[in-house]
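Reader: I am new to this structure and would be grateful for a close look at a single part of it. Please describe that part in connected form, together with its surroundings.

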Number of protein chains: 2
Amino acid sequence: MIPFELTILGCGSASPAKERNPTAQYLKWGDRSFLLDCGEGTQMRMLHYGLKSSRIEHIYITHLHGDHFFGLIGLLTTYGMLKRTSPLKIFGPPGLAAIIELQLELTGSVLSYILEFITWESSFAKIYEDEQLEVFTIPLSHRTPTCGYLFQEKPGLRKIVRHLVESLKIPVEQLTAIKEGADFAGSDGVVHLNETITEAPRAIKRFAFITDTVYLPSIAPMIGEVDLLYHESTFNNENADKAISTFHSTAEQAAMIAQAAGAKRLLIGHFSAKIKKDDLGALLSEATNVFNNTILAEEGLKVEF
Amino acid sequence: MIPFELTILGCGSASPAKERNPTAQYLKWGDRSFLLDCGEGTQMRMLHYGLKSSRIEHIYITHLHGDHFFGLIGLLTTYGMLKRTSPLKIFGPPGLAAIIELQLELTGSVLSYILEFITWESSFAKIYEDEQLEVFTIPLSHRTPTCGYLFQEKPGLRKIVRHLVESLKIPVEQLTAIKEGADFAGSDGVVHLNETITEAPRAIKRFAFITDTVYLPSIAPMIGEVDLLYHESTFNNENADKAISTFHSTAEQAAMIAQAAGAKRLLIGHFSAKIKKDDLGALLSEATNVFNNTILAEEGLKVEF
């Protein structure tokens, strides 16, 4: 089983705070890497934490607020200077490509790699798929078109019960078909139904990245039983009215989403600059009162799942 | 005399380096503040060094390479979030306004202050003047339109020789005119020429900010006898050919400019990521061999002059 490793590069919100950076997360999955949002300074933070930015295959941008994408143009031009050759896909909202392309043009940047923009419209949809992975957009409700992302491993093959391979004398050339779900007819004419000779494939891993949004219960079924849910928690309960007026969530609301979705673990971040470091414990309590398995994002935190 | 205080926010060049940030300098002059270039992360660095970004009246951008302006949009939108009200002037090359305006529009940013772009064409020209200060562009030779900047105090009034005010019985109402250069006719009919009763005003302070450019001796007379010259020094002598091919300068060439201009002090920076911290001493020697009063820029360095 390939573990996921998520590194928090920034857990702050829009206003810069001394000890917090704007949103970015580095998702490593085996030898594959993905970047989720790219606030100002993200490329320097990857250097700082020793994360290989060159390995990033895809960048997923949630929305066009600066604390989620102002670091993108710097990273893309750095790739050009470093002579990156592997293609790069950027998933994001309408307008992102225009912003990047204007800057590439006016700075005279020549990229050494193929840059592809995949622009979504705000809906629950599969926007990427390969042999190992599927990625979905989850439509959120913020002050500008915004989508979260759901990353989902593809299920592997079923496993043939080991001792039956020998006792039923299953020929080697039929193993793959059986792993893919076929029944097996023995030389004695007896048909063994697939579920009687195989076990379910290992559980798939799932991760959801939800930022920024007002409390939106309708996303819980889209998120489902993820291994890890990152959900923005800009405010505490005391400022719940501010969460509504600015289209953000409280930590308690993030926990309610985790609970409703059936998530295994909740990671909260995107803290308002007004919530000081010493007050984060209280914020965490507001979440754990609803959903116990919650952790606080902080700069450089690594979460494996 | 109001001292200038210059703080280095970044002394790196285009490729990000672990211990160096892209170009930005904070110029404080009494209670006035100016920002010179604004590489990615500049707003976070001002927070880090306790510099008041709200005090900045003008931002001077030298050219449209990312390591000199990718932090600008973040700073401008932060000002909006912090409800800045004082107007802000940005001096820079053609294209800068378009890049900023597109991003303000697509991020739905509403600024709470008046933002004015002053776009130069590459020439030696006065681009700003008020009662205290003049600023000139100095045309440089890089791979894209680039100007350095010269900051110059305005000369104050002449000083009347103290004991003459009494012995010549100069009426109070004539003092200002004399300080401004008028002669004085005594009650006995004797005319005292201005230069016989006044002293020159205090020397004015001057600072030049020269980045990025190939070695360009023609700028020395424009720079003149500045109190401090910042000149980019991307390469050492061993890579002098690279300086030519990339339109940058060596530390020795920076020193030759300082020498030819008659500068009082030279500050070098914009070091190639390939020059490690331990090699900066050798780079400095290459400059001091030509111009002794040279110092190395480093993150957070404050220079008073």
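Author: The model is a predicted one. Chain A has 305 residues, of which 42% count as buried, and its secondary structure comes to 11 helices and 18 strands. Along the principal axes, the C-alpha atoms of this chain fill a box of roughly 75 × 50 × 35 Å. Among the contacts in chain A with a separation of 6 or more, 62% are accounted for by residues 24 or more positions apart.

The helix in question is α3 of chain A, residues 72-81; eight of its 10 residues are buried, so the helix is largely enclosed by the rest of the structure. The buried residues are Leu72(A), Ile73(A), Gly74(A), Leu75(A), Leu76(A), Thr77(A), Thr78(A) and Tyr79(A). Within chain A they pack against α1 (42-48), β4 (56-60), α2 (66-69), α4 and β6 (115-119). Chain B contributes α2 (66-69) to these surroundings as well. After α3(A) comes Lys83(A), which has a positive phi, near 60 degrees.

One of the packing partners of α3(A), helix α4 of chain A, also meets chain B. Helix α4 (residues 96-106) of chain A packs with helix α4 (residues 96-106) of chain B at an angle of about 175 degrees, the axes being 10 Å apart. Because of this angle, α4(A) is roughly antiparallel to α4(B). On the side of α4(A), the contact is made by Ala98(A), Ile99(A), Leu102(A), Gln103(A) and Leu106(A); α4(B) supplies Ala98(B), Ile99(B), Leu102(B), Gln103(B) and Leu106(B). Eight residues of this contact are nonpolar and two are polar, with no charged residue.

Key
Residues numbered from 1 in each chain as written. Chains lettered and ligands numbered in written order. Predicted model: local features only at pLDDT ≥ 70, side-chain atom pairs only at ≥ 80, totals over all residues. Axes fitted to C-alpha atoms, helices over the stretch in contact; angles between N-to-C directions. Helix = DSSP H or I, 4+ residues; strand = E, 2+ residues; numbered from the N terminus. Parallel < 35°, antiparallel > 145°, perpendicular 65-115°, else oblique. Contact = placed C-beta atoms within 7 Å. Nonpolar A, V, L, I, M, F, W, Y, C, P; charged D, E, K, R; others polar. Buried ≥ 20, exposed ≤ 12 C-beta atoms within 10 Å, placed from the backbone.
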